[in-house]
Structure formats: structure tokens, C-alpha cells
Amino acid sequence: MAESCQAFRHVASGLTSRFFLTFHFSVNIVIVIITIMQRVTKQREILMKVLRERRDHPTADSIYTEVKKILPNISLGTVYRNLEKLAEQGTIKKIELSGKQSRFDPVTLNHAHFRCIKCGIVEDLPFNAVPGPLDHEEPWVRERKILDIKVEYQGLCKKCRE
Ligand SMILES: [Zn+2]
Ligand SMILES: [Zn+2]
């Protein structure tokens, strides 16, 4: 009787310690996940702050240079991934201008861009220059799914024109 009781106690304590080990392990995993999530949130907040302060539609490389001043350990890959994710979510807009590196825009409403062919600066047009809505009854439009409009004007900016 005493022996079986001992054996039971042994098994029970084994189970308890295994339970606590598993529990401890799960808690650690949760802590790691929360830490990663907090880090990603912080990185995205800083990315958004940098982007909102710039009106020149910066490239990922240019954003990286700015962000690195605040988060010295961040990698270019992380900046790229976060920007892609934010664009995917619709928080920012990724603009692909004719054959150039993608640029990022905190303004997500439809608007037209002007690109200087000499210095490469990208500006927002201060007035509405985006074509009006499409006629969705038009057979050509009905057969397709139109998702976006991109209007890009090219020329020489104020500085380069002088
Ligand atoms: Zn220019
Ligand atoms: Zn813009």
C-alpha cells in the first residue's frame, strides 16, 4: 500500500512538473510573440512618422536611412517588409512610377503625381487632376475589374526649370 502510494506520488509529481514545464514553456512563447508584436508595432509607428513628415514620396532606401537614426539596429529588409505590409493593408500607398524604384506615399486617396525627369523629385499635384469615375455601365468596363488609377505627369520641376 505504502509502496503504491509512493509510486503514485512519484508519477503525480512527475506529471505536475511536466505540466509546469509545459506551462512555463507556453508562457515563454507567448512572451516572445508579444515582444515581437510590440517590436513590429513600434517599427511601423516610426516608419509612419518618418513617412508622414516627408512630402517627397521617398523610396524604401531613403526611408531606411531616416529610420536607422531612430532604430539603429533595423535592417533594410525589415523596412522593405513593413512598407510592403502597410501598403497591402492600405495604410500607405505604394507608387510605381515608370521604370523607377517604388516610392511610398502616406496619402492613400487618389491623386496625381508629377515626376521631374532631371532630379527625380515626385510631387503631389495640389489640385484634382485624376480623371473622373468610369462609367460602370460601359461594356468594356463591365468586362473588367478596375482597381486603381495612376496618373503621372512628367517634366521639369521648379528648380530644374531655372
Ligand atoms: Zn527637378
Ligand atoms: Zn502622392
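Me: In this predicted model, which residues of helix α2 (residues 60–70) are buried?
Reply: A residue is called buried if 20 or more other C-beta atoms lie within 10 Å of its own. In helix α2 of this predicted model, the residues that are buried are Ala60, Ile63, Tyr64 and Val67.

Me: Within what arc do the buried residues of α2 fall, seen down the axis of the helix?
Reply: The buried residues of α2 line one face of the helix, while the face turned away from that buried side carries the exposed residues Asp61 and Lys69. The buried residues line one face because, seen down the axis of α2, they fall within an arc of 105 degrees.

Me: Which element gives the largest share of the largest nonpolar core?
Reply: The largest nonpolar core has 11 residues, among them Leu47, Ala60, Ile63, Val79 and Phe104. The elements that give two or more residues to this core are α1 (2–52), α2 and α3 (76–89). The largest share, 4 residues, comes from α2.

Me: Leaving aside neighbours within four places in sequence, with which residues is Ala60 in contact?
Reply: Ala60 is one of the residues of the largest nonpolar core, to which Val79 and Leu83 also belong. Once its neighbours within four places in sequence are left aside, Ala60 is in contact with Val79, Tyr80, Leu83 and Ser102.

Me: What is the radius of gyration of the protein chain?
Reply: The protein chain has 5 helices and 5 strands, which follow the pattern α-α-α-β-β-β-β-α-β-α along the sequence. For 162 residues the globule rule gives 15 Å, and the chain is more spread out than a compact globule because its radius of gyration is well over that value, at 27 Å.

Terms used: Residues are numbered from 1 along each chain as its sequence is written. Chains are lettered from A and ligands numbered from 1 in the order in which they are written. This is a predicted model: local features need pLDDT of at least 70, side-chain atom pairs count only at pLDDT 80 or more; totals for chains, interfaces and linings use all residues. A residue is buried if 20 or more other C-beta atoms lie within 10 Å of its own, exposed if 12 or fewer, and partly exposed in between; C-beta atoms are placed from the backbone. The arc is that of the directions from the helix axis to the C-beta atoms. A nonpolar core is a set of buried Ala, Val, Leu, Ile, Met, Phe, Trp, Tyr and Cys residues joined through C-beta atoms within 7 Å. Two residues are in contact if their C-beta atoms, placed from the backbone, lie within 7 Å. The radius of gyration is taken over C-alpha atoms; the globule rule is 2.2 Å times the number of residues to the power 0.38.
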